[in-house]
Amino acid sequence: MMDDVVYESKLHYIIFAWPIAMAVAGCALWYVLPAVKMLSYLFLGVAVIAAFMFYGAFSFSVFQIRRKTVHVQSGVFARQIVSLPLSNIETVAISQSILGAMLNYGTIILIGNGGTHNYFQNIADPLTCRRYLEQQINNG
């Protein structure tokens, strides 16, 4: 089954931005306001827990374009697996913010028959994903 994978993408590293921001805020609180060390401990603790959670999501999530389907797996404890036949996809749209365009990540929106929308967020290199998707849809 793996031999029919045409293209594979993962989540982008941007998912680690919130845990890093929380850790920086915790360290800043530690140095700027030493009287509220418990609050800085809280920020650092939440940052560590969030970092582990996002690392699990980063490690176990995959976006695969296969010869006849798009296969998306996400989640660690609650796995979500979506497999869409390419024949049911009408449009492939990309949504990127300015930061997403600069760092090369975005949301892939697959619009299927009947107007169904499937959103896959924080995918690395979404424009290449769309190119491979459109190639497979046109070849099939």
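## Largest pocket

In this predicted model, the lining of the largest pocket draws at least two residues from each of helix 2 (37-60), strand 2 (62-66), strand 3 (69-74), strand 4 (80-85) and strand 7 (117-124). Strand 7 contributes the most, with four residues.

The space in the largest pocket comes to about 350 Å³. Its lining is made up of 19 residues, and those closest to the pocket centre are Leu-11, Ser-61, Gln-73, Ser-74 and Gln-121. Sorted by class, the lining holds 11 nonpolar, seven polar and one charged residues.

## Packing of helix 1 and helix 2

Two packed helices are described by the angle between their axes and the distance between the axes. For helix 1 (residues 17-32) and helix 2, the axes come within 8 Å and cross at roughly 160°. Helix 1 is therefore roughly antiparallel to helix 2, as angles over 145 degrees count as such. The crossing of helix 1 past helix 2 is left-handed.

On the helix 1 side, the contact is formed by Pro-19, Met-22, Ala-23, Ala-25, Gly-26, Cys-27, Leu-29 and Trp-30. Helix 2 meets them with Lys-37, Leu-39, Ser-40, Tyr-41, Phe-43, Leu-44, Val-46, Ala-47, Ala-50, Ala-51 and Phe-54. By class, this contact between helix 1 and helix 2 has 16 nonpolar, two polar and one charged residues.

Technical notes. Residues are numbered from 1 along each chain as its sequence is written. This is a predicted model: local features need pLDDT of at least 70, side-chain atom pairs count only at pLDDT 80 or more; totals for chains, interfaces and linings use all residues. Side-chain values use heavy atoms; hydrogens and water are left out. On a 1 Å grid over the protein atoms alone, a cavity is a set of points where a 1.4 Å probe fits but cannot get out, and a pocket is an open set with protein on both sides within 12 Å along at least five of seven lines; lining residues have an atom within 4 Å of a point. Grid points are joined across faces, edges and corners, and a volume is the space filled by probe spheres set on the points. Ala, Val, Leu, Ile, Met, Phe, Trp, Tyr, Cys and Pro count as nonpolar, Asp, Glu, Lys and Arg as charged, and the others, Gly among them, as polar. Axes are lines fitted to C-alpha atoms, for helices over the stretch in contact, and angles run from 0 to 180 degrees between N-to-C directions. Angles under 35 degrees count as roughly parallel, over 145 as roughly antiparallel, 65 to 115 as roughly perpendicular and the rest as oblique. A crossing is left-handed if the near helix is turned anticlockwise from the far one by less than a right angle, and right-handed if clockwise. Contact means heavy atoms within 4.5 Å.
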